[in-house]
Amino acid sequence: MLSAINKKTLPESTHEDAFDRLFIHEKISGQQAYLQAVDDTKKMIADTIRVMKVPYCGESAASIEEMIRGMRMATEGGEDLQEVLKDVEKMLLHSIQVNHKACIAHLHCPPLIPALAAEMVISAYNQSMDSWDQSSAATYLEEELIQWLCRRLGLESRADGTFTSGGTQSNYMGLLLARDAFCDKHWNWNVQKKGLPPSAGKLRILCSKEAHFTVKKSASQLGLGEEAVIQVETDSSCRLSLTDLEQKLRNLKTENLLPFALVGTCGTTDFGSIDPLNEMADAARTNGLWFHVDAAYGGALLLSKNEFYKLQGIERADSVTADFHKLFYQPISCGAFFLKDKRNFNYLNYHADYLNPEEDEQEGLRHLVNKSVQTTRRFDALKLFMSLRSVGIKQFGEMVDHTIELALQTSKQMQKSSGFTVINPLPELNAIVFRYEHPVVKDNCELNREIHRAMLHSGKAVLAKTVHKGRVCLKFTLLNPRTSIEDIKEMLHEIEELGESLHRNGGHL
Ligand SMILES: *Cc1c(COP(=O)(O)O)cnc(C)c1O
């Protein structure tokens, strides 16, 4: 075992011997070094999770910063991994414990164990998905999993897709292809070769006010500018308003502007609201718009028995964003982009002699770089594959259903108490936005801000904070299927106690 092989007691070794212990390879020395490193690391991880009983240690940002800034970055001679792991352990004990049941702030999930096992395979084999000769068998596995997902989404036989780094990249790809397809069809203009066409300033994208900020960010990166994004009003449930969509489309026509894409959000980041996808697909067809569905959050309903119906209309999208590092419980990063008609991937196609020469394609070799904005790319498909195979569709669906049910119960529980106002009492997914209200305090904003801070620093819960109609709100994002209504009741009780004592002490604990 390597830990027994203390560097100092080892006989003088040749260069080759020294490098042998740094890699995993055909010789037993490399395999042993790997096994030892993994054993030590996994034990350290399990230990930190066992001793951390709370979702956050509670220490101030300043003291953690000081501790980390004091760490050695490298020494000339290197150190035993065990020694390095001591510092890593210290860091982990001062990190957010995303695996904890009371860590319910963001769309940030506890990762599934089979996916953690997959990460070991992904990193050890270090395949790159850009060219066939860097990923051979993995190329086909990613393609098969994409096809399986396309079928579940109800996309037609011409559909295809790719794994991405997440929703940001997938949304960017959707709008990039939408822009290029429009310029090609409308002006016979090749954006890839010639850049933006002379009338690009007239191009417009429509989405709801609650759409993810990456729609604007993409517009800006695509040379259209943020102002090319027209924000449609939302209804009382934070879903895109169809009446306002029609109005906005009429306005654009009178102004002689050119809408080319409509983005539907399936699961808004704040409330988990789902836009009326079917009606939006109709509007997109009537107006000749590319229909992109951002299902980064809501895409998880794909495997749900009870809630699958909420995705209706997604099968009519021209492109779809899905994120597996949210409700599919995958370690970061893991996302996907789907395309109804794979021919649109041609707008991304480049041939590099060293990587994906055209002659290879004529021979039938697959190079996935043709479907991605990335070049070197991780084999993230493996972790979803191992998770789906191991957990099974039924339990996957049950996990998601449980969290949605929990959000409903939480909402009911809050409504029983006068201390809470629930902003979205009937959540479509598993996010609950609410405010703690104190009967005497007029401005509850500061109070809610304080509660958020106090919950974190007492290690009781990691909650999110957001602003709704100009007022500070708290938010539970209930991704963890292990969180129970009992856990929630305890947290609500804690919030009420905090609110009471903050009020008594004039806003201070
Ligand atoms: C999280 C999220 C994104 C961004 O995805 P990343 O994986 O963080 O890049 C986009 N859209 C929605 C609706 C999201 O919830």
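Student: Helices (H or I, at least four residues) and strands (E, at least two) are DSSP runs here, numbered from the N terminus. Where does that put Lys-342?

Tutor: First, a caveat: this is a predicted model. Lys-342 sits in the loop between β7 and α12, the latter spanning 358-363.

Student: Is Lys-342 buried, exposed or partly exposed?

Tutor: Lys-342 counts as partly exposed, because its relative accessibility is 39% and that class lies between 20% and 50%.

Student: What does Lys-342 touch, leaving aside neighbours within four places in sequence?

Tutor: Arg-158 and Asp-160 are its contacts. Lys-371 is 29 residues away from Lys-342 along the chain, and their C-alpha atoms are separated by 8.9 Å.

Student: Why call β1 largely enclosed?

Tutor: Five of the five residues in β1 (residues 160-164) are buried, so the rest of the structure largely encloses the strand. Both faces are covered. Asp-160, Thr-162 and Thr-164 are buried on one side, Gly-161 and Phe-163 on the other.

Student: Ligand next. How many residues surround the ligand, and which are closest?

Tutor: The shell has 13 residues. Closest are Thr-168, Asp-294, Asp-323, His-325 and Lys-326.

Student: Which element gives the largest share of the shell?

Tutor: Helix α7, residues 167-187, with three residues.

Student: What polar distances do you have for Gly-167, Thr-168 and Asp-323?

Tutor: A polar side-chain atom of Thr-168 is 2.5 Å from a ligand oxygen. For a polar side-chain atom of Asp-323, the distance to a ligand oxygen is 2.6 Å. Gly-167 uses its backbone: a polar atom there is 2.9 Å from an oxygen of the ligand.

Student: How much of the ligand's accessible area does the protein cover?

Tutor: On its own the ligand has 380 Å² of accessible area, and the protein covers 86% of that.

Student: What follows α7?

Tutor: A loop lies between α7 and α8 (191-194), and Asn-188 is in it. Phi of Asn-188 is near 55 degrees, positive in a residue other than glycine. Asn-188 is exposed, at 63% relative accessible area.

Student: What about Cys-238: what is its phi, and is it buried or exposed?

Tutor: Phi of Cys-238 is near 65 degrees, again a positive value in a residue other than glycine. Cys-238 is buried, with a relative accessible area of 9%. Its loop lies between β3 (229-232) and α10 (242-254).

Student: Which peptide bond is cis?

Tutor: The one from Ile-332 to Ser-333 is cis, with omega near 0 degrees. Ser-333 is in the loop between β6 (319-323) and β7.

Student: Glu-428 now. Why does Glu-428 count as buried?

Tutor: Its relative accessibility is 17%, and buried means under 20%. Glu-428 lies in the loop between β8 (420-422) and β9 (431-436).

Student: What surrounds that side chain, beyond four places in sequence?

Tutor: Glu-428 touches residues including Arg-239, Lys-310 and Ile-404. Ile-274 is also a contact. The backbone nitrogen of Ile-274 is 3.0 Å from a polar atom of the Glu-428 side chain.

Student: Where does β9 pair?

Tutor: Four bridges join β9 to β11, antiparallel. Phe-434 stands opposite Leu-474 in β11.

Student: And what else pairs with β11?

Tutor: Strand β10, residues 464-468, through five bridges, also antiparallel. Thr-466 faces Cys-473 in that pairing. β10 and β11 form a hairpin with two residues between them, and Lys-469 in the turn has a positive phi of about 50 degrees.

Student: Is β11 covered or open?

Tutor: Mostly covered: six of the seven residues in β11 (residues 471-477) are buried.

Student: Last one. Where is Asp-130?

Tutor: Asp-130 is in the loop between α5 (113-125) and α6 (136-153). Asp-130 is buried, at 3% relative accessible area. Its side chain makes a 2.9 Å polar contact with the side chain of Gln-134. Further along the chain, Asp-130 touches residues including Leu-355, His-367 and Thr-375.

Key:
Residues are numbered from 1 along each chain as its sequence is written. This is a predicted model: local features need pLDDT of at least 70, side-chain atom pairs count only at pLDDT 80 or more; totals for chains, interfaces and linings use all residues. Side-chain values use heavy atoms; hydrogens and water are left out. Buried means under 20% relative accessible area, exposed over 50%, partly exposed in between (1.4 Å probe, protein chains only). A polar contact is a pair of N or O atoms within 3.5 Å; within protein, one must be able to donate a hydrogen and the other to accept it, and residues adjacent in sequence count only if both atoms are side-chain atoms. Contact means heavy atoms within 4.5 Å. A residue is near a molecule or strand if one of its heavy atoms lies within 4 Å of it. Accessible areas come from the Shrake-Rupley method with a 1.4 Å probe; for residues, only the protein chains shown count as cover. Two strands pair if DSSP finds at least two bridges between them.
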